[in-house]
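Subject: Structure for you to look at

Hello,

Here is the structure for you to open alongside this message. Please keep it on screen while you read the notes below.

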Amino acid sequence: AILADSVCPASRASCRRPRPLLASGAAMASEGITAAIAHADAELRARQEEFRGTTKDVAASRKELKRAQAACRRSRMQLLTARRQRKPAQANVRHVQRHLELCKKRGWRIDGARKRLAGAREKLLNSDKALVEARRSLRLAHADRKNAEREVLRAVERHDRAHAKVKVQALKLRQAKYASRSHDARAKRMQALAEKHRRLRRGMHARHREAEKHLEARLLEELRGFKRKLAGEAREDTQRRRKRAAQYAATLRNGDPLHADKFHRSGASLVKASTDYPDFSGRLSVLSPKGGKHEYTLVYLHQFCLCGTNYVDWKPHYFFSATKLPYLSLKVTLPTAKAIPVTVHGGIKQYAWYDYKTDHEGRQEDQLYAKTLRATRDRIFKILDREVAMLGGDASRVFLGGASQGCCTALHCALTYPKELGGFVGIVGHLLSSTPLPKKKQRMPIYLYNGKQDQVMRWSWVRETYGRFKEAGYTNVHIRVDDGVTHEKPVRKEREWIVDFLHRRIPRQRAK
């Protein structure tokens with residue numbers, strides 16, 4: 001409104017009169033933006049309240065799962081006790097039978113032997129009943145545990161949907177606030193331009209009226225062009241915000257993960273599986289660059305009991321960022337561990353990079369079976385050999401990393417691999433006591449990320465394992481410990497840490 005008045009061709013007195021209609025229109029636009037911000041903020045609080053409710057549901061279902069797992073362990077112990085008690089009962093029956101046969105052969109009285117045989121058989125029968133009852137209890141406990149696991153999965157799914165709604169609403173609120181800031185900035189720029197025009201006009205009136213007419217015409221044209229430019233910028237900003245919000249919402253509605261369009265997804269996938277419980281043991285999942293040439297590779301190992309398909313199906317955004325990591329030349333190889341019997345879990349087969357002998361519940365490092373770790377190491381070496389060959393033999397463009405047990409395994413493989421890799425990223429893991437520290441790897445970039453509230457791999461003893469790097473003369477080790485991060489679910493932090501590592505290791509000049 002001020003700019004429109006500043007170029008009025010009438011007298012100076014009439015030019016100073018305000019335009020109430022334009023001013024009221026700007027005020028109405030500002031009020032509309034304020035109302036939009038308030039509405040978006042209220043919607044965000046509602047979504048956050050829903051998210052907190054789903055978080056409580058997840059915690060309750062996990063508590064129930066722990067109770068069912070404890071019941072399974074008690075039933076398993078009862079079964080083992082019943083089996084141990086049955087063996088002496090069987091031996092006693094056989095002993096009494098042999099004694100009875102000896103009495104018959106030698107003509108001795110057999111009444112006492114028969115009574116003892118009847119008593120021994122009764123004890124054996126009771127042992128058999130106890131064994132049957134223990135097996136039935138174990139089956140029921142297994143069924144309860146499976147039901148609890150399904151309930152946890154459903155609760156996590158509801159929690160993830162609520163989290164997605166919170167993220168969409170938070171994006172809308174940020175966009176509304178950005179629109180308000182843009183509106184205020186444009187108004188200030190308009191006011192600054194109006195002040196400039198008034199100063200120029202006063203100078204021209206003091207010198208020559210004819211020059212003032214030419215100046216007024218030029219300023220009017222400048223103002224119109226500037227207003228057209230501002231209007232075009234505003235339209236472009238609005239279109240970009242609406243397009244991004246629509247794409248983000250459509251992606252979440254369709255179940256596609258964020259930034260899935262930046263990669264070709266191939267290999268093992270839960271989404272493409274033909275059965276409800278597919279076997280991913282030893283399978284390989286790959287995120288290939290879609291928009292550019294393959295120049296770098298990250299081999300990333302998942303956590304204990306998980307699988308590499310989770311990153312391909314739901315987390316491709318862990319390896320792309322429009323601001324920090326806008327590179328379309330990165331290939332991510334995601335192997336799944338083989339399903340092996342885990343000793344501390346009663347021999348149950350689980351996706352694991354190596355077998356555990358002990359479970360100290362996070363108080364100290366657990367013992368492992370070296371044979372299983374060697375088998376995994378040989379498999380990862382083959383994957384690394386293949387990726388290095390695909391990049392022309394340049395191992396500096398191949399990175400290795402992992403989370404939790406995958407971090408421990410990947411760090412062991414990176415330090416024992418014959419070639420020096422381009423870098424290592426480790427999430428909530430530690431250095432195995434059996435991992436050597438060769439001198440030729442002293443300059444290899446190693447980035448380690450941990451949480452202070454981690455109760456599975458507690459920082460109190462994990463930092464002691466990292467102390468071996470300093471003792472061995474390693475000079476390129478970077479350790480970051482964040483407060484408030486636990487082991488079970490380092491949400492958002494895993495992506496933040498992976499992107500931070502790749503941002504540091506991939507040169508900026510290779511951005512596409």
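Which residues have the most contacts inside the largest nonpolar core? They are L384, L400, L415, L421, F424, I446 and F469, and the core has 40 residues. A nonpolar core here is a set of buried Ala, Val, Leu, Ile, Met, Phe, Trp, Tyr and Cys residues joined through side-chain atoms within 4.5 Å. Buried means under 20% relative accessible area, exposed means over 50%, and partly exposed is in between (1.4 Å probe, protein chains only).

Before going further, note that this is a predicted model: local features need pLDDT of at least 70, side-chain atom pairs count only at pLDDT 80 or more, and totals for chains, interfaces and linings use all residues. Residues are numbered from 1 along each chain as its sequence is written, and side-chain values use heavy atoms, with hydrogens and water left out.

Helices (H or I, at least four residues) and strands (E, at least two) are DSSP runs, numbered from the N terminus. The largest share, seven residues, belongs to α8. As for L400, it touches L298, V299, I380, L384, A410, C413, A414, L421, G423, F424 and V425, leaving out residues up to four places away in sequence; contact means heavy atoms within 4.5 Å. Apart from this core lies another, of 28 residues, which include F319, F399, Y447 and Y449. In soluble globular proteins, nonpolar side chains tend to be buried together.

Helix α8

Eleven of the twelve residues of α8 are buried, so this helix is largely enclosed by the rest of the structure. The buried residues of α8 pack against β3, α7, β7, β8 (423–427), β9 and α9. The length of α8 can be checked too: at 1.5 Å a residue, its twelve residues should span 16 Å, and its end C-alpha atoms are 17 Å apart, which agrees. The expected span is 1.5 Å times one less than the number of residues.

Two loop residues with positive phi

Most residues other than glycine have a negative phi. S404, in the loop between β7 and α8, has a positive phi near 60 degrees. E361, in the loop between β6 (348–351) and α7, also has a positive phi, near 55 degrees. Are these two buried or exposed? S404 is buried, with a relative accessible area of 5%, whereas E361 is exposed, at 53%.

Two buried residues and their contacts

V428 lies in the loop between β8 and β9 and counts as buried at 0% relative accessibility. Not counting residues up to four places away in sequence, V428 touches S404, Y449, N450, G451, D454, M457, T486, H487 and W497. The C-alpha atoms of V428 and W459 are separated by 9.3 Å, with the two residues 31 apart along the chain.

I498 is in helix α10 (residues 493–505) and is buried, with a relative accessible area of 0%. Leaving aside its neighbours within four places in sequence, I498 is in contact with L298, Y300, Y318 and F319. I498 and V425 are 73 residues apart in sequence and 7.1 Å apart in space, C-alpha to C-alpha.

Regards
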